[in-house]
Structure formats: C-alpha cells, structure tokens
Amino acid sequence: MLQIRVKPGIEDRIRGFFPWIYRPEIASYSRKPKKGELVVVRDFGGKFLGYGYINPDVSIAVRILSFDKKEPITPSLIKKRILEAYNYRKRLYINSNAFRLVHSEGDLLPGLIVDVYGEYAVVEFTTYGMTRFRDVVLEALVEILKPKGIYEKANLTAQKVEGIDAREGVVYGEVPEEVVIWEHDLKYLINIPEGQKTGFFLDQRNSRRFVRSLVEPGDRCLDVFCHTGGFALNMKKMGAERVVAVDLSELALEVGKRNEELNGLSGIEWVQANAFDYLRELDTKGEKFDVVVIDPPSFAKNKHAVPNALRGYKELCVRGLKVTKSGGYLAVFSCSFHITEQHLLEVLTEASYDVRRQVRVVAKTFQDKDHPWILQMPNTLYLKGVWVEVV
Ligand code: SAH
C-alpha cells in the first residue's frame with residue numbers, strides 16, 4: 001500500500017483526530033500516488049498515524065478514515081461505520097422519518113452523505129476516494145435500511161473539484177418523483193431528483209421546532225429564504241394569523257404551497273422574490289412582524305468570499321431588525337462554516353447600532369444532531385443560528 005510521511009509538527013493535529021492532510025503538509029511518498037488510492041499515513045519519523053485515501057490533485061490531499069492501526073480500510077470497515085451511524089441515529093429518537101444517516105467526516109466516512117426519506121435513501125459522493133466504495137456503500141444501505149429505492153445525487157461542486165464522473169439517478173429499486181415524509185406533526189413533499197441538496201434541509205429540524213416556542217396565535221410572521229416552507233408551516237401551525245414566505249425558487253414555492261394543503265393549512269402568502277429586494281419593500285411599506293426568520297443559502301463557499309458575504313448579512317440584519325416589531329423575534333442563520341457564530345453576532349451588533357434598536361439574545365441553535373459536529377474538526381459545525389428579541 002502507498003505510504004506517506006507528513007512534515008514535522010503535523011502529527012499532533014492528526015493524533016488529535018483531525019482527519020485532513022493538505023498537500024503541502026506531505027513530506028514524502030513511497031511512490032507516485034494514484035487518485036483515490038488507499039494510503040498509510042506516518043509521521044516524519046515513520047510512526048503510524050492513520051489509514052486514509054488520497055487525491056493528489058486537490059488541496060485536501062488525504063482524508064483519514066481510521067486512526068487505529070488494527071483497523072485498515074476494508075469493505076467491512078465501511079459497512080461497520082454505516083451501521084454505527086445508523087445505530088447512533090436510532091438512539092437520537094429523531095421525531096421524523098427523514099434524517100441524515102451519514103454525515104461525511106462527522107461519521108468517519110469522509111466524502112459520503114446519506115439522507116433517508118422514509119423508505120428511500122439518497123446518497124451523495126463528494127470525494128473521489130469515497131467513490132471507490134460505491135458498491136459497498138449501496139450494499140450496506142440495502143442491508144441496513146431495506147429501502148424501496150436508493151437515488152444517487154450528483155454533487156456538482158465536489159465533482160468539479162475532485163474530478164468524479166457525475167452520476168445521477170436511481171441506483172437501487174425504485175424511487176418515485178415525490179416522497180412524503182413527516183417531521184414533528186407536519187408532512188412535507190420531497191422532490192428527490194429536482195429538489196435542492198438531497199431534497200430537504202434536514203439540518204434545520206430542531207430550529208423549525210424551536211420557532212414554535214416563539215409564535216403566539218394571531219402573530220404576524222415572516223419566513224425569508226423559505227424553500228418549501230419549513231419555518232412558515234410551523235408558524236402557521238402555531239396559529240399565526242399572517243405568514244409571509246419568500247424564496248427565489250419557483251419550484252420550492254410550488255412544493256411549499258402543496259405542503260400547506262397537505263397539512264390542512266391555508267393562508268400562507270407565498271412570494272417569489274429576491275429576499276434582499278423584498279425585505280427593502282416591506283421596510284418601505286412600514287410592515288412589522290412578530291417573528292422573522294432569515295435562513296439564507298451559503299454566501300461564502302470559501303474564505304475569500306467572507307467579506308462580501310458579511311456585507312450581505314449586514315444588509316439582511318438591518319432589514320430584518322427594521323421589519324421586526326418591538327418585542328418581536330428575529331433569527332439569522334449561516335450555513336457556511338466560513339461565516340461563524342462570531343461573525344453573526346458581530347453583524348447583528350453593527351446592525352442593531354445602525355437601526356438604533358437594542359437586541360437581546362434569546363437562543364442559539366445549530367445543525368440538528370443527526371449532522372454530528374466533531375469537536376476537533378471545526379469545519380463540521382457549519383449551521384448556526386442566533387435568535388434575538390428586538391427590544
Ligand atoms: N429555511 C428553509 C431552507 C432555506 S435554504 C427550510 O427550513 O427548509 C435557502 C433558500 O434560499 C433556498 O430555497 C433558495 O432557493 C433560496 N434563495 C437563494 N437565493 C435567494 C435570494 N436572493 N432571494 C430569495 N431566496 C433565495
């Protein structure tokens with residue numbers, strides 16, 4: 001097997017369970033590496049650090065799957081990891097039949113995402129190295145979940161970076177175009193082939209639950225970047241009188257409307273608009289809401305995009321504060337690792353100064369627990385939300 005040695009000083013981080021090795025950190029190779037092949041990682045002196053796979057074409061050249069010398073990477077290790085991931089989710093008692101089964105590094109399976117929607121699973125490969133285990137992964141999913149069907153979703157960004165051949169479609173059994181799942185006491189339609197991500201933003205489950213504790217019957221609520229209505233439906237379910245749900249995607253809004261009907265709800269105002277423009281319009285009209293949720297897509301895919309993303313956030317926070325009535329609540333989310341909780345707090349502080357409104361932090365919420373966050377890997381904590389009361 002290919003062996004690499006890392007430069008002096010890198011070993012401590014790997015012994016601390018950080019599973020990535022960047023290309024410049026590699027001191028030597030036992031021979032020329034091939035894309036996707038397995039590798040034994042050693043410290044500069046030759047001591048064992050871990051087993052991983054390598055892609056010499058990308059900046060994160062090695063990802064480690066096992067820190068245990070007695071546990072080399074074999075098909076049975078991959079299966080064992082998927083089973084462990086499944087058992088962990090069972091212990092969480094997630095109040096839904098849809099959950100993330102495998103969360104890449106968070107489950108020691110870098111490059112693999114598996115989401116379960118009732119009797120169906122969606123799988124995504126985000127690294128070249130993980131695609132070598134495609135068959136094993138599918139076999140394990142069939143054994144563990146006994147699903148009616150499995151769909152492979154092509155992650156285009158990762159495929160471009162890693163050079164994976166794009167594959168998209170049903171890879172096992174049958175998968176209907178739409179699946180109905182339940183979460184808490186609401187149902188959602190999931191369009192697996194057409195939907196964003198694997199079909200649904202599972203990571204916001206606990207925040208969709210949390211918003212319920214803030215909404216009172218008769219309230220006026222605003223769900224900005226609503227996608228298929230995750231927050232809007234929960235607001236309506238709690239008896240909000242007026243719910244406005246805004247998104248740019250026509251398909252997402254269509255599904256949102258059908259979700260409303262599916263749950264016997266009515267009256268949500270679905271608005272197709274650019275959120276920035278629409279918030280400005282609401283502000284100009286002097287509209288005020290009791291609960292406002294702003295859950296934008298990732299504005300910062302890398303660290304170079306942070307300054308621009310922060311300007312976007314600042315504007316969202318200013319507008320958000322302006323349309324929140326006194327005593328009302330505003331939530332702002334970042335789903336990008338690069339826009340941290342600290343960034344959100346700073347931007348909110350600046351915005352609160354600009355609009356001359358004091359804010360009190362009510363809560364912070366994070367990606368739900370089926371998207372595990374590894375303490376030694378800050379990158380695995382990507383979704384953060386700050387909820388404030390606007391005094
Ligand atoms: N809150 C949702 C998830 C939001 S994901 C839930 O709980 O399910 C982000 C959404 O922002 C996507 O649906 C995307 O279509 C939408 N979006 C992206 N850019 C936008 C823009 N400029 N204005 C409005 N919506 C936008």
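Which residue of β10 does E124 stand opposite? E124 stands opposite K153 in β10, strands here being DSSP runs of E with at least two residues and helices DSSP runs of H or I with at least four residues, both numbered from the N terminus.

The model is a predicted one, in which local features need pLDDT of at least 70 and side-chain atom pairs count only at pLDDT 80 or more, while totals for chains, interfaces and linings use all residues. Residues are numbered from 1 along each chain as its sequence is written, and side-chain values use heavy atoms, with hydrogens and water left out.

**The sheet and its helices**

Strand β9 (residues 120-125) and strand β10 (residues 149-153) run parallel and are joined by five bridges; two strands count as paired if DSSP finds at least two bridges between them. Both belong to an open sheet of five strands, ordered β7-β8-β9-β10-β11, in which the pairing is mixed. At its edges lie β7 (98-103) and β11 (169-173), each of which pairs on one side only. On average, neighbouring strands of this sheet are turned by 20° against each other, direction ignored.

| Helix | Strands touched | Angle between directions |
|---|---|---|
| α2 (residues 75-92) | β7 and β8 (112-117) | about 145° with β7 |
| α4 (residues 134-145) | β7, β8, β9, β10 and β11 | about 160° with β9 |

**The α10 and α11 pair**

Two packed helices are described by the angle between their axes and the distance between the axes. For helix α10 (residues 306-322) and helix α11 (residues 341-355), the axes come within 9 Å and cross at roughly 50°. The two helices are therefore oblique to each other, a class left for angles that are not under 35 degrees (roughly parallel), over 145 (roughly antiparallel) or 65 to 115 (roughly perpendicular).

Residues of α10 that meet α11 include V306, L310, Y313 and C317, and among their counterparts in α11 are H343, L344, V347 and L348.

**L344**

L344, placed in helix α11, is buried, with a relative accessible area of 2%, where buried means under 20%, exposed over 50% and partly exposed in between, for a 1.4 Å probe and protein chains only. Not counting residues up to four places away in sequence, L344 touches Y313, V332, F333, S334, I339, K384 and V386. L344 and I82 are 262 residues apart in sequence and, C-alpha to C-alpha, 34 Å apart in space.

Methods
Axes are lines fitted to C-alpha atoms, for helices over the stretch in contact, and angles run from 0 to 180 degrees between N-to-C directions. Contact means heavy atoms within 4.5 Å.
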